[in-house]
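I opened my notebook to record what I looked up in this model.

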Amino acid sequence: MNPESVQQEVNELVELAASGPETARADCLERLTGLRALYARLDPKDKPAYFPGDTIRALQRTARLLEDRKPKIPHDIDLLKLLHDVFGHSEFRPGQEEIIRSVLAGKDCLAVMPTGGGKSLTYQLPARMMGGTTLVISPLIALMKDQVDALTEKGLHATYLNSSLVEAERRQRILDIRRGRYELVYAAPEGIEFYIGSLMEGVDLRLVAVDEAHCISEWGHDFRPAYRTFSGLKQRFKGVPMLALTATATKKVQKDILDQLGMEQALCFQGTFYRSNLKIATVKKGEGGAVGKQIMKLVKARKGKPGIIYCFMRKTVEVLAEALQEQGIKALAYHAGLETADRIRIQERFRDGEIDVMVATVAFGMGIDKGDIRFVIHRDMPRSLEGYAQEIGRAGRDGKESECILFFAWPDVLLYDQMTEGQGNTPRSIVMQRRRQVREMFSFADSSRCRHQALAAHFGEQMAPCAESCDACVKRKK
Ligand SMILES: Nc1ncnc2c1ncn2[C@@H]1O[C@H](COP(=O)(O)OP(=O)(O)OP(=O)(O)O)[C@@H](O)[C@H]1O
Ligand SMILES: [Mg+2]
Ligand SMILES: [Zn+2]
């Protein structure tokens, strides 16, 4: 480029911005970004020749003009109508509207809502209303295609970026995103720095949503180091609201999320934790016979109903799945040792009702939105209450009664301790935290306190005993 061609480009941009139709906004922003990048690349001594004072001022005016043209969202907007027209729902779930209004007002928000509570909608609906692009950071790579297909069916323009794409495809998507073709872009946390660098600068970003935000905290139960790379996002996208979402964050984890994401003045929304349709019971291993036999009996009594059985070890998963198959149960094994393609296929077969029982390690289930899961059995105790809450949260998302049966024993605790100790370079404070978490889990299972009340209390919520949705309460009534 020479100074004349720069001038030519600036003239075109100014004209397009002044007279162009609304749809030209993305194009204008892209041109503006290109010019800014060129300016940044120039040697300081060449800048005045390429960008004389008048040119700079014209560009500033144009940038302001484009800014003013951001669609304004009226206060009295009929959100219900939109909810119905786009998503087909007739009313909001608790908290959804409040969160959406806060996002539309440009505020940061941390939303802690129960599993299956409808968190996705709190960024999907704004994405439709705000124009520009909403970036959704999500760890659920295996589900992105599914989610995007489902949204596309509803008429939303959505796409995703993750490691499953070949290079050419990824480049094409980035180009399309820069052209403003998508309202919603899902991206995996891994490699986000690269995407953000090469992509978002030229994009008219309106909202950043961080899903499963507890993954950002080492105090949570599912820490993912890639989540740590978002700490600069808020700085980078000044003025763009940020929405962090999770079902399971203790107060400590909530604080960590806010700190990590730099959300200083965020609205914090916390929904109730209690889901009365989940009937919780715990069984001490060894009481009432061998665990394998008991599980077999439980599953046979629920034949034809969709369920998940969580086991600690892959080997147990495989053995149990086979034993169930031999008894005529449509069961399959799922764990992280399987090929990604197989995992996706198994997941789809479960979703579509071809198989009834998923026997799995904790590798299965995050983000799975199958409404009719009637039971979740834990063959082994989970390592924390947060993990437990996530896993049972996959049952009964349709609101109908569903059972959560937990088998537990002290040796489970010792097994987790051994594993934690085995990870040699883990900081002492984290080791202690994990030991505490396992013990809290055990106490929960072993106690006679209302299970729902105890679980809610763990997340800082007070409630009266459930009276009828857990074995402890039912036993007390007898
Ligand atoms: N207002 C609503 N009315 C009826 N159904 C809704 C509403 N909002 C969301 N849903 C449905 O609720 C289900 C669960 O929603 P979603 O997947 O967003 O849950 P979530 O809060 O993200 O849960 P998790 O923590 O497990 O990821 C979806 O099938 C969704 O279509
Ligand atoms: Mg979700
Ligand atoms: Zn109870």
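I worked with a predicted model, where local features need pLDDT of at least 70, side-chain atom pairs count only at pLDDT 80 or more, and totals for chains, interfaces and linings use all residues. Residues are numbered from 1 along each chain as its sequence is written, chains are lettered from A and ligands numbered from 1 in written order, and side-chain values use heavy atoms, without hydrogens and water.

**Zinc site.** I looked up which atoms coordinate the zinc ion (ligand 3). They are the SG atoms of Cys450, Cys466, Cys470 and Cys473, at 2.2 to 2.4 Å. Donors are N, O and S atoms within 2.8 Å of the metal (3.2 Å for Na, K and Ca). The site is tetrahedral, with angles of 102 to 117 degrees among its four donor atoms. I noted the donor spacing in sequence as C-x15-C-x3-C-x2-C.

**α6 and α7.** Helices here are DSSP runs (H or I, at least four residues). The axes of α6 (residues 96-104) and α7 (residues 121-130) come within 9 Å and cross at roughly 40 degrees. Axes are lines fitted to C-alpha atoms, with angles from 0 to 180 degrees between N-to-C directions. The two helices are therefore oblique to each other. Oblique covers what is left after under 35 (roughly parallel), over 145 (roughly antiparallel) and 65 to 115 degrees (roughly perpendicular).

**α16 and α18.** The axes of α16 (residues 385-392) and α18 come within 8 Å and cross at roughly 55 degrees. That makes α16 oblique to α18.

Terms used. Four donors count as tetrahedral if all angles lie between 85 and 135 degrees; four count as square planar and six as octahedral if opposite donors are over 155 degrees apart and all others between 65 and 115; anything else is irregular.
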